[in-house]
Structures are given as C-alpha cells and as structure tokens.
Amino acid sequence: MASQDWFDKDFYKVLGVSKDISEADLKKAYRKLARQYHPDSTQGDAAKEAKFKEISEAYSVLSDKDQREEYDQIRAMGSGSARFQAPGAGGTGGFEDVFSRFGGGSRGGSYQQADFDDLFSMFGQQGGGFGSGRFGQSTGGFRGYGGPQRGADVTARTTLDFQTAVRGETITLAGEDGKPFKVKIPAGVADGQKIRLRGRGRPSPDGGEPGDIVVQVTVRPHPVFTRDGLNLRVTVPVTFTEAALGATIEVPTLGGDPVKLRVAPGTPSGRVLRVKGRGVQTSKGTGDLLAEVQVAVPAHLDDKAREALERFHELEPRENPRADLMAKARE
C-alpha cells in the first residue's frame, strides 16, 4: 500500500470504532462486520463484496501493532499542515511543512539529506527510497516493490479422542466468522501436531494470496493404549501360574476384536509380545500392537492357596534372582 493510500483512508471509520479501541474490542467489531458482508452471505452483491475487502484491509492494518503505529503516525501527519498538498501561494506548498517537523531545510526550497533520513527513519527505514526496510516486508504497511501482501494466518484448536486421532476422520470446526468448515484429520495424527489448510485464512488486503488456517491438535489419552510412533502399546496382566506354566490369553485391539496370544512358560514380567499390523495405519506405513506382559501378584490368599504356595516355596529352585543385581552393584 502506498503512503497516499493511508493518508486517504480512515480505517477506524471503516470499522466504526474509536482510535483508542482495545485489541479485543477491535476484533469483536471486525467479526461482526465480517459476518455481515462476507461473500458467502451476500450472494454476489458487488457493493457488499467491495465493502468486505475494505473491512478486511482496515482490520489487517489495525490488528497489527507495528502497522497500526505507522498508520497512526502517517494519519497524524495528514491531519494538519504536514499533509502533502499541491504548492500554494508560497511556492513550496505542503512539502516544507512536513520536513520542518524534523528541523529540515529553509523556505527557500533547499533541503539537506539529513531531512530525508529523519523522515524515513520515522517509519523504520535508514534513508533511501520506498521499498526497503519494513516497507518491503509482508507484514509492513507499505508494500514498495514487494508485491501484494499475503493474508494473515488464523490459528484454530481441536481436541480429539485417541481412536479418532489413530484412525483419522473429517471433523467440522467453527471459523472466526462463526461459519463451519471441515478439516480432514489424517490417520495417525499426533498430540501437538499442526494441520495447515492452505488459503483458508484471512484475505489479503490488497489482492494477494489469502492466509492459511493452522489447526493445532490435542489428543486425549486412552485408558488402555499409548502411542509409540506407529506402534500401539498395551500392558496385559497375567497370573503367576500363567507366566510360569504358559497360557493362551486374549489381548484387546483398538476398535476391533481381541486377538489371542501365546504366553510361553517362564515368561517374565515386562516381556513384550508383538501382534503384526494391528498398530497405527497411515500412508507412510503400518505399525504393530506391542503387548507388555505384567505378572499380577494376588493381593488376597485363602488358607488353601497360601498352603499351596508355601509348599511350592519349599520345592522351587534355590536360585537368587537378585544375585546378578548385587554383583553388578559392587562393581
């Protein structure tokens, strides 16, 4: 946007707000107008579409702290004798009034280079022509030779249950203007991952590309399963006799029928049994289900069970399972 555009446009008036409005109230005012004039609800009304572009341009500038400050400074210059005007009776016209603010040249029409440096440094430049410094950046008020400004990105958040995140699904979210939009959640999306919807953000104020919608995903924990890359993990309790003598047990799967696994005799607590292909399925590959065996110690024993264990204790091998631990600890 050229400097003269900011001189001529009253963005506060466009949005119907005062110059001292807070950021929160500014956003409320913009959303109200955006809903009223959005092209989706105006059905091809050219005048209302133009109004929507005007509203979006105004909000794009005023919602950015740096741009708003620059805009206020430029408007302040344009509101008084410092406005660029055609030459008047004095011959030099409005230009000398602008530069006189910075202690610049005489009314005879000669200005030193320092005057121009001071003017440009007011807007974050180090002298020279427009198109460098802040004026060339995508977030700046002046575009210079940098081309149209890209619209701002919009951030959205959603919380998914564990199974939806693993399997993938298309969900509906509400946009800034209150209108719903659909988001395709890919299979295997992870907690904290961001999904970018190209071109679905705020429109450009000057005909450039629209911004994106960035959806940040939070995944609720599952009471049984956890993620390990593309693998799913589950802890499976087994009894002491199942672990010692061996057994065939059932293991749950996520959203499917349970599978049967063989526990070999003498399986220790912590051993992992693998079920191929029952993990997370994505376009990049498919994981496995990892079942970790956990030996469950009975908390309550009746007299007969206690007597049986005591007899077993008398018959079990006299091996100390902590012998290696003690030897390694002394090293």
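Guide: A residue counts as buried when its relative accessible area is under 20%, as exposed when that area is over 50%, and as partly exposed in between. Tyr12 has a relative accessibility of 3%, so Tyr12 counts as buried. Please note that this is a predicted model.

Visitor: And Tyr71, is that buried or exposed?

Guide: Tyr71 is buried, because its relative accessible area is 1%.

Visitor: How many aromatic pairs are there in the whole structure?

Guide: The search finds 4 aromatic pairs. One of them joins Tyr12 and Tyr71: the ring centres are 6.1 Å apart and the planes stand at 45°, so this pair is tilted. Tyr12 belongs to helix α2 (residues 11-15) and Tyr71 to helix α6 (residues 65-78), so the pair links distant parts of the chain, 59 residues apart.

Visitor: Which residues form an aromatic cluster?

Guide: Phe11, Tyr12 and Tyr71 form one aromatic cluster.

Visitor: What is the geometry of the rings of Phe240 and Phe312?

Guide: The ring centres of Phe240 and Phe312 lie 6.0 Å apart, and their planes make an angle of 70°, so the pair is edge-to-face. The cut-off behind this is that planes over 60 degrees apart count as edge-to-face. Phe240 is in helix α10 (residues 240-245) and Phe312 in helix α11 (residues 303-315), so the pair ties together parts 72 residues apart in sequence.

Visitor: New topic. How many salt bridges are there?

Guide: The count comes to 9 salt bridges. One of them is formed by Lys9 and Glu57, whose closest N and O atoms are 3.2 Å apart.

Visitor: What about Asp288, which side chain does it meet?

Guide: Asp288 meets Arg274 in a salt bridge, at 2.9 Å from N to O. Asp288 lies in the loop between β12 (285-286) and β13 (289-296), and Arg274 in strand β10 (residues 272-275), so the pair connects parts 14 residues apart in sequence. Asp288 also forms a salt bridge with Lys276, at 3.8 Å from N to O. Lys276 lies in the loop between β10 and β11 (281-282), so this second pair ties together parts that are 12 residues apart in sequence.

Visitor: Which residues do salt bridges with shared partners join into one network?

Guide: That network consists of Arg150, Asp153, Arg196, Arg198 and Asp212.

Visitor: On to the strands. What is the order in the sheet of 3 strands?

Guide: The order is β1-β5-β4, in an open sheet with mixed pairing. β1 (154-160) and β4 (194-197) are at the edges with a single partner strand each, so one side of each has no neighbour in the sheet. On average, neighbouring strands of this sheet are turned by 25° against each other, direction ignored.

Visitor: In what sense do β4 and β5 pair?

Guide: β4 and strand β5 (residues 213-219) pair in the antiparallel sense over 4 bridges. As one example, Lys194 has Gln216 in β5 as its bridge partner.

Visitor: And what is the order in the sheet of 4 strands?

Guide: This open sheet has the order β6-β7-β13-β10, and its pairing is mixed. The edge strands, β6 (226-228) and β10, each pair on one side only. The twist from one strand to the next averages 40°.

Visitor: How many bridges join β7 and β13?

Guide: Strand β7 (residues 231-239) and β13 pair over 8 bridges, in the parallel sense. Thr239, for instance, has Ala296 in β13 as its bridge partner.

How values were computed:
Residues numbered from 1 in each chain as written. Predicted model: local features only at pLDDT ≥ 70, side-chain atom pairs only at ≥ 80, totals over all residues. Heavy atoms only, no water. Phe/Tyr/Trp six-rings, centres within 6.5 Å; stacked < 30°, edge-to-face > 60°. Helix = DSSP H or I, 4+ residues; strand = E, 2+ residues; numbered from the N terminus. Buried < 20%, exposed > 50% of the residue type's maximum accessible area, 1.4 Å probe, protein only. Salt bridge = Lys/Arg side-chain N within 4 Å of Asp/Glu carboxyl O. Pairing = 2+ DSSP bridges. Axes fitted to C-alpha atoms, helices over the stretch in contact; angles between N-to-C directions.
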